[in-house]
Amino acid sequence: MNQDPNYEEAKAGNLPLPPLLERPQGGLVTTATEWNNIRRREIRSYFVRLMYGELPPRPETIRFELRRERSGALDGAALRREVRIHLGNRGREHFIDALWYLPTRNAGKVPAIVGLNFKGNHACSHEPDLLLPDPAHARGPVAARGEQEHRWCFKSLVENGFSVITAAREDLFPDRADGRAESVWRLFHHEAELTPANRDLTAISAWSYGITLLVDLLLSDPAIDGTNIWVHGHSRLGKTALWAAANDLRLAGAISNDSGCCGAAPSRRNFGETLETITRVFPWWFTERLDAYAGREAELPFDQHHLLALVTPRPVLVASATEDLWADPRGEFLSARAAGEVYRLFGSNGIGDAEFPPPDQPVFGDAVGYYRRTGKHDVTPADWEFVMRFIRRNSMWK
Ligand code: GCU
């Protein structure tokens, strides 16, 4: 294998997406209750076994240490907290550093956005007094302050009434084949079990677990509206956001940005990244069993519209970028549309039978949304504008 990626729609393959409501042993799921009690569990267990593995369990202890708090951050718009989340289990310890903003001006409880970042909390904002990553977690070169500030737009989010919380992916699972030994999985496994070969302990599940810890932290403050916590993620962290929402039902909805292969894009389409490439280049993200489906995608008992459907009945927004062909924008759209079949069991219409929209013209349907921003693989202020519009449309909070 190891072929050049295909970018021609005519060669993407016309494999039908596998059914959402039909059970493998026959029989159709026809109600929301049956979906929740039977089919949802069945599908989640496929993803556990064949793609992402289980999330780590709850640790024996979780403690929040407020390391620093500053009012008047972001030109007065925010209260900023830097919190260390200490986890303890069987005498072992691990910590994760969270960066958390709350709007200064708010009446009543506020909605929140939770998401991991790629390069450290200090890289998400130019504020000169943000703590730098702990040397125990900073491996390799430390990113410059504010290097990825455009990906977050903290100020605009808090000015629009959102609290935002983030932590670095590296705090949960250093993103490399041998990262497992230093990952949060160490709390639950002996060193000998934390080898690159033990692929059941995946990075994507460790990162998703990070989201659930950040939700715990958010819920420790009564100023947060616990019914209105949205997970957001870009690219590999977009795959993570969807898997986190599938597992943590406290999340009000999910936004996947350019999540691509093993995120929102169907594996059955041969367009951009494929299972063959992703399992070869990033084996630590997935269970070993996924490797066998490279080139045999049609044999998978699910596709990625099943992952979107695991978010039901909560809203899900799938975002692509016009130049991000690697992530297969049209495929991401097709998944979002197909997931509507399950949303309809819950009385929402999804994006109905909408067609692939032109750039920057979102299809904000009923609980499911899709848009394709002009530009590259990234998160930009324009993305956040779409995200805030989608959340406002789909939540009680306006
Ligand atoms: C690579 C990878 C993608 C991933 C992306 C990212 O391009 O192939 O699957 O989404 O990195 O996380 O930026």
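Biologist: Hi! How do helices H4 and H5 pack in this predicted model?
Modeller: H4 covers residues 203-219 and H5 covers residues 236-247; they pack at an angle of about 65°, with their axes 9 Å apart. That makes H4 roughly perpendicular to H5.

Biologist: And is the crossing left-handed or right-handed?
Modeller: The crossing of H4 and H5 is right-handed.

Biologist: Nice. Which residues in H4 and H5 meet there?
Modeller: From H4 you have Ile204, Ser205, Trp207, Ser208 and Ile211, and they meet Arg236, Leu237, Lys239, Thr240, Trp243 and Ala244 in H5. Sorted by class, this contact has six nonpolar, three polar and two charged residues.

Biologist: Let's switch to the ligand. Which residues are around it?
Modeller: Around the ligand are Phe118, Ser235, Arg236, Lys239, Glu273, Ile278, Phe282, Trp285, Trp326 and His377.

Biologist: How far is an oxygen atom of the ligand from an N or O atom in the side chain of Arg236?
Modeller: That distance is 2.5 Å. For the side chain of Ser235, an N or O atom is 2.6 Å from a ligand oxygen, and a polar side-chain atom of Lys239 lies 2.9 Å from an oxygen of the ligand.

Biologist: Now the loops. Is the peptide bond from Thr312 to Pro313 cis or trans?
Modeller: The bond is cis, with omega near -5°. Pro313 sits in the loop between helix H7 (304-309) and strand E8 (316-321).

Biologist: And what is the phi of Cys153?
Modeller: Cys153 has a positive phi of about 55°, although it is not a glycine. Look for Cys153 in the loop between strand E4 (110-117) and helix H2 (154-159).

Key:
Residues are numbered from 1 along each chain as its sequence is written. This is a predicted model: local features need pLDDT of at least 70, side-chain atom pairs count only at pLDDT 80 or more; totals for chains, interfaces and linings use all residues. Side-chain values use heavy atoms; hydrogens and water are left out. Axes are lines fitted to C-alpha atoms, for helices over the stretch in contact, and angles run from 0 to 180 degrees between N-to-C directions. Helices (H or I, at least four residues) and strands (E, at least two) are DSSP runs, numbered from the N terminus. Angles under 35 degrees count as roughly parallel, over 145 as roughly antiparallel, 65 to 115 as roughly perpendicular and the rest as oblique. A crossing is left-handed if the near helix is turned anticlockwise from the far one by less than a right angle, and right-handed if clockwise. Contact means heavy atoms within 4.5 Å. Ala, Val, Leu, Ile, Met, Phe, Trp, Tyr, Cys and Pro count as nonpolar, Asp, Glu, Lys and Arg as charged, and the others, Gly among them, as polar. A residue is near a molecule or strand if one of its heavy atoms lies within 4 Å of it. A polar contact is a pair of N or O atoms within 3.5 Å; within protein, one must be able to donate a hydrogen and the other to accept it, and residues adjacent in sequence count only if both atoms are side-chain atoms.
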